[in-house]
Amino acid sequence: GTFTDVVVQVGRARHAFKIPSTPAAPQEAVIAGLQRAGADTGTEVRHGSTVATNALLERKLARVTFVTTEGFEDLLEIGRQDRPDLYALVPHREPPLVPAERRIGVRERLYPGGRVRLALTDAEIARVVKRVRATRPEAIAIGLLHAWAHPQHERRLARSLAPLGVPLS
């Protein structure tokens, strides 16, 4: 936004003010606000930002490639049964944040508890890395089915994709 809001609480008294935002380096406005508030090394700070929310709303995002369990590539686009206009015969949906050509399925599968149903092979990792590289990503997101219970497949993929030199989640 145009301004960065600063709220200072000293005891029970609250003071609020705005300072110009610094979009190219948001931390500069935060630091300036802390300085104006008289903060020092003992000051407790709570920080919130709308940078990510604004980027989503304005669709000013990195070119992301999404790597997921094969067969689930379209789950983000399908979404839920929620529709913006329940009675529209041809409802309008926003295009997905990651288009189909940058959603890559990995031949691997875990059962819900994390037991391996289909192991992730070195050959499959090599195939995925080649496909991801071809998408020229600015960032990579990995989200495999049931990885919360058995993160080894995600970790192996992350290690293999790290040499591409882009942010990886």
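Modeller: In this predicted model, contact means heavy atoms within 4.5 Å.

Biologist: Which element supplies the largest share of the largest nonpolar core?

Modeller: The largest nonpolar core has 14 residues, and Val-67, Val-128 and Leu-157 are among those that touch the most other members. Strand E4 (103-106), helix H4 (122-134), strand E7 (139-143) and helix H5 (152-161) each give at least two residues to this core. The largest share, four residues, comes from H4.

Biologist: Is Leu-56 buried, partly exposed or exposed?

Modeller: Leu-56 lies in helix H2 (residues 51-58), and together with Leu-61 and Leu-97 it forms a nonpolar patch on the surface. A residue is buried under 20% relative accessible area and exposed over 50%, with partly exposed in between. Because its relative accessibility is 45%, Leu-56 counts as partly exposed.

Biologist: What radius of gyration does the protein chain have, beside that of a compact globule of 169 residues?

Modeller: Along its principal axes, the C-alpha trace of the chain spans about 60 × 45 × 35 Å, and buried residues make up 25% of the 169 residues. For a compact globule of 169 residues the radius of gyration would be near 15 Å, whereas the protein chain has 22 Å.

Terms used: Residues are numbered from 1 along each chain as its sequence is written. This is a predicted model: local features need pLDDT of at least 70, side-chain atom pairs count only at pLDDT 80 or more; totals for chains, interfaces and linings use all residues. Side-chain values use heavy atoms; hydrogens and water are left out. A nonpolar core is a set of buried Ala, Val, Leu, Ile, Met, Phe, Trp, Tyr and Cys residues joined through side-chain atoms within 4.5 Å. Buried means under 20% relative accessible area, exposed over 50%, partly exposed in between (1.4 Å probe, protein chains only). Patches are made of residues with over 30% relative accessible area and no salt bridge: like charges are joined within 9 Å, nonpolar side chains (Val, Leu, Ile, Met, Phe, Trp, Tyr) within 5 Å. Accessible areas come from the Shrake-Rupley method with a 1.4 Å probe; for residues, only the protein chains shown count as cover. A salt bridge is a side-chain nitrogen of Lys or Arg within 4 Å of a carboxyl oxygen of Asp or Glu. The radius of gyration is taken over C-alpha atoms; the globule rule is 2.2 Å times the number of residues to the power 0.38.
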